[in-house]
Amino acid sequence: YTAFREPRFIPKIFDWLDKSIQSTNKESYAFPITVLRKLDLMNDLGIRFDRIEKVCEEYRYDHHVRQWLAEQYEKKSEYQKAIAIYEESLSLDTKYPRLICQYHEKLMRLYQKIGNHQKYMEYLWVMVTVDRKSDLFKELKAQYTADEWLTEREKIFPHYSSSGQAALFREEKLYDRLWNVIKNQHIDSIMGYEDVLLPKYTEEVLNAYAAKLNRMATVASGRKEYQYWVRVLRHMKKIKGGKELVDQIVSDWRARYKNRRAMLDELRNL
C-alpha cells in the first residue's frame with residue numbers, strides 16, 4: 001500500500017483494498033482503517049470527489065468514514081455539508097460519549113465560522129454544561145455583559161461536581177463558595193487553592209488540615225503514610241499560626257501513639 005505507488009500497481013492496490021474490506025470483520029479495528037486507506041488513496045490520486053462520496057455513502061454507518069468525509073468538506077469550505085454529517089452523527093453515535101463531545105465541538109466551531117451565532121451559542125452552552133468543558137467557561141463568559149453574566153453563571157455551577165465547582169468559583173473569585181465546597185475534600189485539594197484561600201481563611205485552612213490529619217491518625221498506617229503526614233505538618237508550619245498548631249498535634253500524637261515506632265521515627269524528621 002505504501003511502497004508500490006507507480007501507476008501500473010494502482011489497480012492492484014485497489015483490488016487488494018477491496019478484498020481486504022470484504023474479508024475483514026466490520027466490528028474489528030482493522031475494518032475502518034482499510035476503508036480509510038481506500039478513501040485516502042482515491043483522494044491522493046485526484047479521483048473525482050463525487051465518486052469518493054459514493055464510496056463514503058456505502059460505509060456511512062461507520063463513524064470513522066463520516067468523520068473523514070466531514071473533514072474533507074471542511075477543507076473544501078463546504079461547511080453546511082460538514083455540519084449535516086456531524087448533526088446526523090449525534091443521533092447515530094449516542095453510545096459513544098467521547099464522540100458526541102467531539103461532534104458538539106465541531107458543530108460549535110463550524111457554526112461560529114459561518115456566523116450562525118444562535119447555533120454557536122447553543123453548542124457552546126452544551127459544551128460547558130453537558131460535556132463539562134470548563135476550559136470553554138471564559139469563552140462563554142465573553143458572550144455576556146458583566147450584569148448578564150451574574151445570572152448566567154448560576155445556570156452552570158450545578159452541572160459540575162464539587163471539585164469542578166471549586167475551579168469555577170476560583171475563576172469567578174467567589175472565594176466564600178470555594179471554601180464551602182473545598183473544605184471537606186482531601187488535604188491536597190485544599191492545598192491547590194491556598195493562594196486564594198489563605199488571605200481570608202488561614203485559621204480555617206489550618207484547622208481543616210489538623211482535623212483531617214487527626215482523623216487519619218486514629219488508624220495505624222505504614223511508613224509512607226506517616227511520611228505524608230509529616231510533609232503536611234511541615235507545610236503547615238510555613239503558614240502563619242501554623243507552628244503552634246503543629247506543635248500541639250505532634251505533642252498529642254507522641255503521647256497518644258507512643259507505641260507506633262515508625263510514626264514517632266518520622267515525626268523526628270519534622
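The model is predicted: local features need pLDDT of at least 70, side-chain atom pairs count only at pLDDT 80 or more, and totals for chains, interfaces and linings use all residues. Residues are numbered from 1 along each chain as its sequence is written, and side-chain values use heavy atoms, with hydrogens and water left out.

**Burial and exposure**
- Ser89 sits in helix α5 (residues 79-92); helices are DSSP runs of H or I with at least four residues, numbered from the N terminus.
- Ser89 is buried because its relative accessible area is 1%; buried means under 20%, exposed over 50% and partly exposed in between, with a 1.4 Å probe and protein chains only.
- Beyond its neighbours within four places in sequence, Ser89 is in contact (heavy atoms within 4.5 Å) with Arg66, Ile100 and Tyr103.
- Asp147 belongs to helix α9 (residues 146-152) and is exposed at 63%.
- Asp147 and Leu213 are 66 residues apart in sequence, and their C-alpha atoms are 42 Å apart in space.

**Positive phi**
- Most residues other than glycine have a negative phi.
- Ser77 has a positive phi near 60°; Ser77 lies in the loop between α4 (63-75) and α5 and is partly exposed at 44%.
- Lys173 also has a positive phi, about 60°; Lys173 is in the loop between α10 (162-171) and α11 (175-182) and is exposed at 59%.

**Around Lys238**
- Lys238 lies in the loop between α14 (223-237) and α15 (242-256).
- Lys238 counts as exposed because its relative accessibility is 70%.

Notes: Helix = DSSP H or I, 4+ residues; strand = E, 2+ residues; numbered from the N terminus.
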